[in-house]
Amino acid sequence: MTTSPITADASGTWQLGDLPVHRIGFGAMRLTGSGPFHHGTPSDRERSLAVLRRAVELGVNHIDTAAFYFSSTRSANELINTALAPYPDDLVIVTKVGPFRDYSGEWGTAARPDQLRGHVEENLRQLGRDHLDVVNLRRMRQDSIAEHFGALAELREAGLIRHLGVSDVEPRHLAEALEIAPVVCVQNRYGLDSPDPRTDELLRICGQQGIAFVPFFAVAGEGGAHGPSGEEPDEVLAVARDHGASPAQIRIAWILHQGRHVLAIPGTGNPGHLAENVASGALRLTDGELERLNALHTGRPLP
């Protein structure tokens, strides 16, 4: 007797503007190699293509990517195009602009507002699309995002972009963007290991305003782009044992329990990890488990 795999619809749904997505999505950064960007060993192409196709089979309809996600021989956008085009009608591809890498893989100066159209058109070319579903402006330490976000709002009016989001921002930057155009999502670093009162406030504001909050590095924790360190707090290990789950699954489940507007985009190039990540959407943590994990996040011990 075989059991059917858990699919992404177990996580519930949310709207990115007028685009419904399952709350478990997929981050494409890990598709290109064992390390992020130009680090590590390039991935096996066929395996990466298989992971993408399997993600869609498991109900994932929200993929997060960027033109600057590439290694020496692999491009995340090209892999997505090859694996999934012609794209399913319900698939939402979210990309981001602002950072820049040259063809050797080295980081260059972040885009000026007048250069953002080129970044958007590069994503369009690589993905084989005539418009982008959602484009996030990744803030690159600038104090104001108005000029950059305004440039993207113009591209939205021109029909190249359907919806806009912001990334790596503070509450004041979100307010600044909302004065210019609607915002459907906020992407910030957030997880059990990354307490930040400003990001906690952003999560709350997004919930109040119906904006999706999409954490990155939610599983990697302090490892960031280089991936999990392999060391897990006792609280995470204990909850994982109680559920017969992996620590990564508990981290994803905790993220999803932070609000119905919170989406998860764990990334992997491993088919087994992909299935585990998607299955995290079916985990239901108890009030007691959430209290323990919330205390770990805030650094405040339980009373």
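## Basis of the model

Residues are numbered from 1 along each chain as its sequence is written, and side-chain values use heavy atoms, with hydrogens and water left out. Because the model is predicted, local features need pLDDT of at least 70 and side-chain atom pairs count only at pLDDT 80 or more, while totals for chains, interfaces and linings use all residues.

## Helices α3 and α4

Helix α3 covers residues 116–127 and helix α4 covers residues 146–157; helices are DSSP runs of H or I with at least four residues, strands are runs of E with at least two, and both are numbered from the N terminus. The two helices pack at an angle of about 50 degrees with their axes 10 Å apart, where axes are lines fitted to C-alpha atoms over the stretch in contact and angles run from 0 to 180 degrees between N-to-C directions.

The contact (heavy atoms within 4.5 Å) is made by L116, R117 and V120 of α3 together with H148, A151, L152 and L155 of α4.

## The second largest pocket

The second largest pocket is lined by 21 residues, and A67, F70, R101, E122 and Q126 lie nearest its centre. A pocket is an open set of points on a 1 Å grid over the protein atoms alone, where a 1.4 Å probe fits, with protein on both sides within 12 Å along at least five of seven lines, and lining residues have an atom within 4 Å of a point.

Strand β5 (92–97) and helix α3 each supply at least two residues of this lining, and α3 gives the most, with six residues.
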